[in-house]
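Hi,

Here is the structure I said I'd pass on.

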Amino acid sequence: MGLEKIVGSREYRIVRLIADGGMGSVYQAQQLGNAGFSKTVAIKTILDLFAADEEFVRLFIGEAKLVADLVHENIVQVYDLGLSEGRYFIVMEYVEGITLEAFVRMHLDEEMPLPAELGAFIGSRVCRGLEYAHRRTDCDGRPLGIVHRDISPKNILLNFEGVVKITDFGIAKAREVMEQDEELLAGRLEYMPPEQAARKPTDGRSDLYALGVVTHELLTGKQPSQGTVSLLRLHQLGTTSFPSPIQEVRPDLPEDLAAIVDRALQPDPADRFQSASEMGYALEYHLYHEGYGPTNVTLGEYLRKHFPYAAERTQKSLRPRRHTPDFLVLQRAETIFGNRLEEE
Ligand SMILES: Nc1ncnc2c1ncn2[C@@H]1O[C@H](COP(=O)(O)OP(=O)(O)OP(=O)(O)O)[C@@H](O)[C@H]1O
Ligand SMILES: [Mg+2]
């Protein structure tokens, strides 16, 4: 009989704290294997506040299982759902790059216009990742109904090779049980489609609205609406009188590109693009119908030029550490998942 089961265990060595997010912390870590094997990963831990809520944990595990097999260039891949001292953590692909939020902020801080073609390119790549996730089915061909529900510049990462990656797939659904409170929603509401804010059912078209807001921000430096709490009220009342056409903010935008953003931002899902594939095609047609447009290489070069410090820092933290076999044993003995942080 052939091989049926392999039993092993995983050890992670924390390299550095990358950031504290809204739900926990993200670390760069080394996944250690046999014979000195080591792979760089990112680990996301969950705050006690969330971990203590049974409903949250149940949904969190359910969604982690649902997105486990999403493998696509434009999605941050989840490798494992770990459990350490009774607390769950997510192990995922480490992205050597920056968030889209930092990308937008740099342009605003430097008063530098963000090239419209790069904005459209980033939007098109997010569409391709969404399209893949939205149409996933189970082994019997039934749609899994995966919706991201938290597409925003914080959850879109750009690596230094110019690859756009959506992260936190499946997390928003669990998070929403903790966020009945309006205050907690502040900051994420700007990207939220009216149906989601009104707690009505969402589908793939809801992510396209959020992507419309993101693309609007990339192309104009501004979100299409203002005031989070009042916006929630508008949603709850079912008011659908926003936003105004993007060309009012940026008149020089090509007609076809403006029409794509305006369509994604329609309050009624029936008036938006009906699938990520349709929106992705529209953006790609805009980008490439004249023969040549931006690629991963264009974005990668742009990022390395404008974020040299970040590129250098991540390269440094990825450099392999030279060590003798003895040192390796010591490292393994010391490996714990927890608060043991090594200075950079
Ligand atoms: N896979 C990853 N590789 C590298 N860095 C990452 C990765 N995932 C997240 N990060 C970094 O960690 C930061 C925090 O991410 P996290 O998702 O916890 O918080 P957030 O997106 O700001 O808020 P939220 O809790 O709403 O998701 C990100 O802004 C990014 O800089
Ligand atoms: Mg996030």
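This is a predicted model: local features need pLDDT of at least 70, side-chain atom pairs count only at pLDDT 80 or more; totals for chains, interfaces and linings use all residues.

Residues are numbered from 1 along each chain as its sequence is written, and chains are lettered from A and ligands numbered from 1 in the order in which they are written.

Overall picture: the protein chain has 14 helices and eight strands. Those are DSSP runs numbered from the N terminus, with helices being H or I of at least four residues and strands E of at least two. Of the 344 residues in the protein chain, 33% are buried. Buried means 20 or more other C-beta atoms within 10 Å of the residue's own, exposed means 12 or fewer, and partly exposed is in between, with C-beta atoms placed from the backbone. If you take contacts in the protein chain between residues at least 6 apart in sequence, 67% of them join residues at least 24 apart. A contact here is two C-beta atoms, placed from the backbone, within 7 Å.

On to the strands, where two count as paired if DSSP finds at least two bridges between them. β1 and strand β2 (residues 25-32) are antiparallel over eight bridges, and the hairpin joining them runs through four residues. Ile 14 sits opposite Ala 29 in β2.

Now the ligand. Which residues are closest to ligand 1? They are Ala 19, Gly 21, Gly 22, Val 26 and Ala 42, out of 18 that surround ligand 1. To be counted, a residue needs its C-beta atom, placed from the backbone, within 6 Å of the molecule. At least two shell residues come from each of β1 (11-20), β3 (38-45) and β5 (87-93). The shell splits into nine nonpolar, five polar and four charged residues. Domain 1 (5-94 + 308-318) and domain 2 (97-297) each give the shell at least three residues; the bounds come from an automatic or database domain assignment.

Tyr 285, in helix α11 (residues 276-288), is exposed because 12 other C-beta atoms lie within 10 Å.

Last, the largest nonpolar core has 61 residues, and Ala 264 and Met 279 touch the most other members. Both domain 1 and domain 2 supply at least three residues to this core. A core is a set of buried Ala, Val, Leu, Ile, Met, Phe, Trp, Tyr and Cys residues joined through C-beta atoms within 7 Å. Setting aside neighbours within four places in sequence, the contacts of Ala 264 include Leu 208, Tyr 209, Phe 273 and Met 279.

Cheers

Notes: Ala, Val, Leu, Ile, Met, Phe, Trp, Tyr, Cys and Pro count as nonpolar, Asp, Glu, Lys and Arg as charged, and the others, Gly among them, as polar.
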